[in-house]
Amino acid sequence: MSDQPGAGAPGFATLAIHAGAAPDPSTGARVTPIYQTTSFVFNDADHAAALFGLEAFGNIYTRIMNPTQAVLESRVAALEGGTAALAVASGHAAQFLAFHTLLEPGDEFVAGRQLYGGSVNQFNHSFKKFNWNVSWADSMEPESFARALTPRTKAIFCESIANPGGIVVDLPAVAAVAKKAGVPLIVDNTLATPYLCRPKEHGADIVVHSLTKFMGGHGNSIGGVLVDCGTYDWLGSKHRYRTLVDPNPSYNGMKLAETFGNFAFAIAARVLGLRDLGPAIAPMNAFLILTGIETLPLRMARHCENAQAVAEHLARHPKVAWVNYAGLPKDASYAVGKRICPAGVGSVFTFGLKGGYEAGVKLVAGLKLFSHLANIGDTRSLVIHPASTTHRQLTDEQRKAAGAGPDVVRLSIGLEAKADIIADLDQALGQ
Ligand SMILES: *Cc1c(COP(=O)(O)O)cnc(C)c1O
């Protein structure tokens, strides 16, 4: 997708503002309204029957679909180049519904182990209750995904830019493993956003996001989305994805993959997963996230510019032992980053303090502009010292394996003036 105007297809910045939206047909309101209603009136009994039977598209009940949510879905689908999207209550809900649509009890999936900590918990513990079983690969080594495959593997999962270490995953190489195994590749694109990376262009079949982070971008709403890239051939697959190919008893024996073709995955996630499990996004949150997305290209460019300057500054600082940021030429992810995320590698990264655990605690206490909290992707600069907070319960060994050793500090660089962010770090490091 070009970011230049006039090249035929609309540029990314144009889609970020307009895709999926039009003036409200009943009032002329230019901004998409917050449709704060639980339900929608049917025209007549036939209309109601057609909606319930999936013979007509339309709003029934906000747990399943709502006009504010629908604009958000069209917008994200357009930005990711997908055929359809489903917005839900959180990033975790998007992952849950993606796997619920693909897996049966006893099925397996392979995931890169460098993931958001909450995803590691979700996969290791809560998913086990459904007998969905994860095997772990190394996101830095695409071949390790191939080694973890078994005949019951039904999907591969990784993050494009892996949280929190700022690793950039070689998506085409992981996609080649998925293709060879005949399973869909799911990419969590939260840290990159489609402005920096469109996983579909690198071979992904499904994209998930925590909209809570850079997409919404202002730290005010929890939300998630899954995007159907329309690329995986459910009917031609050697695996039987039962939710998609079997006759569905709650829709008169309809076979979703046959009826809905290249957006069947998004439909199934909505009309089965969201309908029955229920993690709907509130219209208000969909509205706030839509507003955030309008400035996504501007914000991401500035996030990357600020993060690059901060990472370069920290790399030169005498009290800093190391910096893991893919924008630094010495970084292990630098070359892959240039290929997968040429416009920038985001603004979340970790660094290590020579003074170890004590220095980490002291730094966080001394920062004034940075907020100490467990989020990323806000306009504000954020900091956390994982060893004394999110990873406190783990053993030293477990902390090291998770990239949360005693000296590690994670930053999410915001949109404040670069010089102020750097000055705050300097004063806190100098104490
Ligand atoms: C935050 C996050 C999630 C989970 O999203 P929620 O909206 O908090 O449920 C998943 N993946 C990544 C990379 C995240 O940063």
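Visitor: Which conventions apply to the model?

Guide: Residues are numbered from 1 along each chain as its sequence is written, and side-chain values use heavy atoms, with hydrogens and water left out. As the model is predicted, totals for chains, interfaces and linings use all residues, whereas side-chain atom pairs count only at pLDDT 80 or more and local features need pLDDT of at least 70.

Visitor: How much area do domain 1 and domain 2 bury between them?

Guide: The contact (heavy atoms within 4.5 Å) takes 31 residues from domain 1 and 32 residues from domain 2. Buried area is the accessible area (1.4 Å probe) that two parts lose on being put together, summed over both. Of this area 64% is on carbon and sulfur atoms, and the total is about 2,400 Å².

Visitor: Which residue forms a salt bridge with D170?

Guide: A salt bridge places a side-chain nitrogen of Lys or Arg within 4 Å of a carboxyl oxygen of Asp or Glu. The count between domain 1 and domain 2 is one. For D170, the closest N and O atoms are 3.2 Å apart, and the partner is R339.

Visitor: Why is strand β14 described as largely enclosed by the rest of the structure?

Guide: Strands are DSSP runs of E with at least two residues, numbered from the N terminus; buried means under 20% relative accessible area (1.4 Å probe, protein chains only). V408, R410 and S412 point one way from β14, and V409 and L411 the other way. Strand β14 (residues 408–412) is largely enclosed because the number of its five residues that are buried is five.

Visitor: In β14, what is the bridge partner of L382?

Guide: Two strands pair if DSSP finds at least two bridges between them. Strand β11 (residues 348–353) pairs with β14 in the antiparallel sense over five bridges, and there G352 has V408 as its partner. Strand β13 (residues 382–384) also runs antiparallel to β14, joined by three bridges. In β14, the partner of L382 is S412.

Visitor: Is S221 buried or exposed?

Guide: S221 lies in the loop between β8 (206–210) and β9 (224–228). Not counting residues up to four places away in sequence, S221 touches T212, N285, L288 and I289. With a relative accessible area of 7%, S221 is buried.

Note on methods
Buried < 20%, exposed > 50% of the residue type's maximum accessible area, 1.4 Å probe, protein only. Helix = DSSP H or I, 4+ residues; strand = E, 2+ residues; numbered from the N terminus.
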